[in-house]
Amino acid sequence: MTIKGIGINAHSSRIDGDLKILERDLAHFEELGFDYVEIPVDGVDGVIGGRLNVKNIKKVQGALRKFHLKATIHAPGPLCLREGDFDLYGKVFKSSINFTWHLGAEILVYHGGSFGTFKRAKSMIKSQQALHERKEAEALKSLSDFAAERGVRICIENGAYPIEDLVRLVRTVDRKNVGITYDFGHGFLFYRCYGTEEDFLESIKKASPYLEHVHIHDNFGRLTPEFVNDPLHDPYLCRLAFGEGDLHLPPGMGRIPYGKIIPLLSDYEGVALMEIDPRHRDRYPQARVMVERLFGYSRDSIQVREGGNLGEQQTQPLAQDVPGARATPILTEAQSAVPLHTETQGEPTDSSMSTHKLTRGRDDLQ
Ligand SMILES: [Zn+2]
């Protein structure tokens with residue numbers, strides 16, 4: 001197994017549309033030695049009303065150019081191709097693909113299937129479920145072609161449902177640029193509640209031929225009644241005390257058997273992406289070291305000391321000699337101070353962007 005690097009999520013609620021927070025977090029992630037950051041489309045207001053937010057894309061580009069971090073992208077959480085307003089969801093999806101393309105990223109994570117609640121999906125009659133599956137597969141076929149033209153890979157993330165459902169969806173879509181993001185936290189929760197640890201490990205084996213991306217975090221394998229990730233109805237603080245739900249803890253803090261998972265990933269060549277709630281950000285350094293060891297990954301230019309607290313880590317020098325690091329031009333004030341302009345699909349029409357050829361890669365965008 002040769003992974004591309006170790007990544008961390010930029011948390012949607014933490015950023016909450018404030019790109020200065022994003023930039024501060026990027027600086028911190030780089031300081032801690034991460035190689036990748038997963039940018040949430042919704043956290044940076046990358047899409048508004050189904051249309052690409054060019055102004056914010058340029059700001060995110062500018063922020064990324066200051067660091068050596070490479071990006072993967074997470075589509076808005078509620079995006080669903082199974083039911084609801086398909087026209088609007090299609091637009092949001094296409095704009096998310098364009099967002100990924102404009103940031104020079106390849107991976108776009110999408111919460112596929114009946115992501116929200118397993119109970120709700122179970123309550124549907126089979127014909128209803130089959131219809132939803134067909135609609136999602138058809139939509140993904142067309143969207144994956146749109147993504148392929150932009151060099152974007154759609155990586156569908158598992159939720160609280162059997163992995164066979166997701167494998168079936170990926171096989172039905174049958175496109176080279178559509179694969180699986182296996183979220184170990186979600187898989188562990190589901191199989192601890194509706195199966196066994198063996199079923200969980202088996203599910204990873206079943207997903208592995210289609211595995212393009214992983215989400216690493218931890219929990220105690222105890223589901224809240226509905227497995228709803230809704231802070232209004234299910235506040236994180238309430239669940240943390242009881243060790244219930246999709247807690248997104250640093251690996252090692254819960255009960256997910258990563259020692260048994262890693263040997264199943266021998267063919268994996270993607271990013272080891274940690275998806276941790278920023279409440280636990282003081283544990284990022286130790287979590288990164290743990291993932292580094294689990295995956296047998298080493299990055300010569302960065303020395304992270306195990307067990308160091310955040311204060312110690314913050315005093316480390318920035319990485320200046322990352323192999324293959326690109327130049328980091330920064331958007332000028334004039335370039336970034338453009339009025340909010342949105343687009344529907346395809347090329348942005350904002351005048352300051354359209355003067356530049358929009359080819360693949362972040363460095364091509366000015
Ligand atoms: Zn995830």
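A residue is called buried here if 20 or more other C-beta atoms lie within 10 Å of its own. By that criterion, Glu 136, Ala 137, Leu 140, Leu 143 and Ala 147 of helix 6 are buried. The structure is a predicted model. Its secondary structure amounts to 15 helices and 11 strands, and 43% of the 366 residues in the chain count as buried. Among contacts with a separation of 6 or more, 81% join residues 24 or more positions apart.

- An α-helix has 3.6 residues a turn, so residues three or four places apart point the same way.

**Packing of helix 4 on helix 6**

- The axes of helix 4 and helix 6 come within 10 Å and cross at roughly 25°.
- Because angles under 35 degrees count as roughly parallel, helix 4 is roughly parallel to helix 6.
- The crossing of helix 4 and helix 6 is right-handed.
- Helix 4 contributes Phe 86, Gly 90, Phe 93, Lys 94 and Ile 97 to the contact, while helix 6 contributes Ala 139, Leu 143, Phe 146 and Ala 147.
- By class, the residues in the contact of helix 4 with helix 6 are 7 nonpolar, 1 polar and 1 charged.
- Leu 143 and Ala 147, which take part in this contact, are also among the buried residues of helix 6.

**Packing of helix 7 on helix 9**

- Helix 7 packs with helix 9 (residues 197–207) at an angle of about 5°, and their axes are 10 Å apart.
- Helix 7 and helix 9 are therefore roughly parallel to each other.
- The residues making the contact are Ile 163, Glu 164 and Val 167 on helix 7, and Ser 203, Lys 206 and Ala 207 on helix 9.
- The contact of helix 7 with helix 9 comprises 3 nonpolar, 1 polar and 2 charged residues.

**Ile 73 in strand 5**

- Ile 73 belongs to strand 5, which runs over residues 70–74.
- Ile 73 counts as buried because it has 27 C-beta neighbours inside 10 Å.
- Leaving aside residues up to four places away in sequence, Ile 73 touches Glu 38, Ile 39, Val 41, Phe 99, Thr 100, Leu 103, Ala 105, Ile 107, Leu 108 and Val 109.
- One of these residues, Leu 103, is 30 residues from Ile 73 in sequence, yet the two are 8.8 Å apart in space, C-alpha to C-alpha.

**Loop residues with positive phi**

- Asp 45 has a positive phi of about 50° although it is not a glycine.
- Asp 45 sits in the loop between strand 2 (36–40) and strand 3 (47–48).
- With 19 other C-beta atoms within 10 Å, Asp 45 is partly exposed.
- His 248, likewise not a glycine, has a positive phi of about 50°.
- The loop holding His 248 lies between helix 10 (236–242) and helix 11 (258–261).
- His 248 is buried, since 24 other C-beta atoms lie within 10 Å.

How values were computed. Residues numbered from 1 in each chain as written. Predicted model: local features only at pLDDT ≥ 70, side-chain atom pairs only at ≥ 80, totals over all residues. Buried ≥ 20, exposed ≤ 12 C-beta atoms within 10 Å, placed from the backbone. Helix = DSSP H or I, 4+ residues; strand = E, 2+ residues; numbered from the N terminus. Axes fitted to C-alpha atoms, helices over the stretch in contact; angles between N-to-C directions. Parallel < 35°, antiparallel > 145°, perpendicular 65-115°, else oblique. Left-handed = near helix turned anticlockwise from the far one by under 90°. Contact = placed C-beta atoms within 7 Å. Nonpolar A, V, L, I, M, F, W, Y, C, P; charged D, E, K, R; others polar.
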